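Q: Please take a close look at one part of this structure. I would like a single connected account that starts from the whole chain and ends at that part.

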Amino acid sequence: DKWVKGTQIFMAPEQFLQGEGHFSAQMDVWALGIIFVWMITALERGSMQHPMLGDEEGAGFNPSFLDLHAAFKDLPQDGTP
C-alpha cells in the first residue's frame, strides 16, 4: 500500500519526509515505539513526550510540523537506523 496522508506524530522519518512511498513493518514498529515512549513519559514526567524532540518541543500531544521536520531531516531516509 502507498501512503499519501497520515498522523504526523506517529510517522516514521522516511514517511514524514517523503511525499509518497510504501508502508513497511518498520514504520509500524516506529509508531508503536512512539506510543510506548508516551506511556512511559506520561507516567514518569506527567506529560507525554515525543522521543525525537526536546522537552519543550516534544511535550504534549501536538508537536509542530517544523519541530518534527527539524528532528527528522538529518536521519537516513531508507529506514535504516
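The part in question is helix α4, residues 65-72. Which residues of α4 are buried, and what do the buried residues of α4 pack against?

A: The account below goes from the chain as a whole to the helix, then to one residue in it, and ends with a surface patch elsewhere.

The model is a predicted one. Its protein chain holds 4 helices and 2 strands, and read from the N terminus the order of elements is β-α-β-α-α-α. The chain has 81 residues, of which 27% count as buried. It exposes about 5,400 Å², and 59% of that area is supplied by carbon and sulfur atoms.

Now to the helix itself. Helix α4 covers residues 65-72, and its buried residues are Leu-68, Ala-71 and Phe-72. Viewed down the axis of α4, these buried residues fall within an arc of 90°, so they line one face of the helix. The elements that the buried residues of α4 pack against are α1 (13-17) and α2.

The largest nonpolar core has 6 residues in all: Met-11, Phe-16, Leu-53, Leu-68, Ala-71 and Phe-72. Helix α4 gives the most to this core, with 3 residues.

With neighbours within four places in sequence left aside, Ala-71 is in contact with Met-52 and Leu-53. Of these two partners, Leu-53 is listed with Ala-71 in the largest nonpolar core. Met-52 lies 19 residues from Ala-71 in sequence, and the C-alpha to C-alpha distance between Ala-71 and Met-52 is 6.1 Å.

Helix α2, one of the elements packed against by the buried residues of α4, spans residues 25-45 and contains Ile-35. Ile-35 is partly exposed, with a relative accessible area of 34%. A patch residue needs over 30% relative accessible area, so at 34% Ile-35 passes that cut-off. Together with Leu-32, Phe-36 and Met-39, Ile-35 makes a nonpolar surface patch of about 380 Å².

In short, Leu-68, Ala-71 and Phe-72 are the buried residues of α4, and they pack against α1 and α2.

Conventions:
Residues numbered from 1 in each chain as written. Predicted model: local features only at pLDDT ≥ 70, side-chain atom pairs only at ≥ 80, totals over all residues. Heavy atoms only, no water. Buried < 20%, exposed > 50% of the residue type's maximum accessible area, 1.4 Å probe, protein only. Areas by Shrake-Rupley, 256 points an atom, 1.4 Å probe, with all protein chains shown as cover. Patch = residues over 30% accessible without salt bridge, like charges linked within 9 Å, V, L, I, M, F, W, Y side chains within 5 Å. Salt bridge = Lys/Arg side-chain N within 4 Å of Asp/Glu carboxyl O. Contact = heavy atoms within 4.5 Å. Core = buried A, V, L, I, M, F, W, Y, C linked by side-chain atoms within 4.5 Å. Arc of directions from axis to C-beta.
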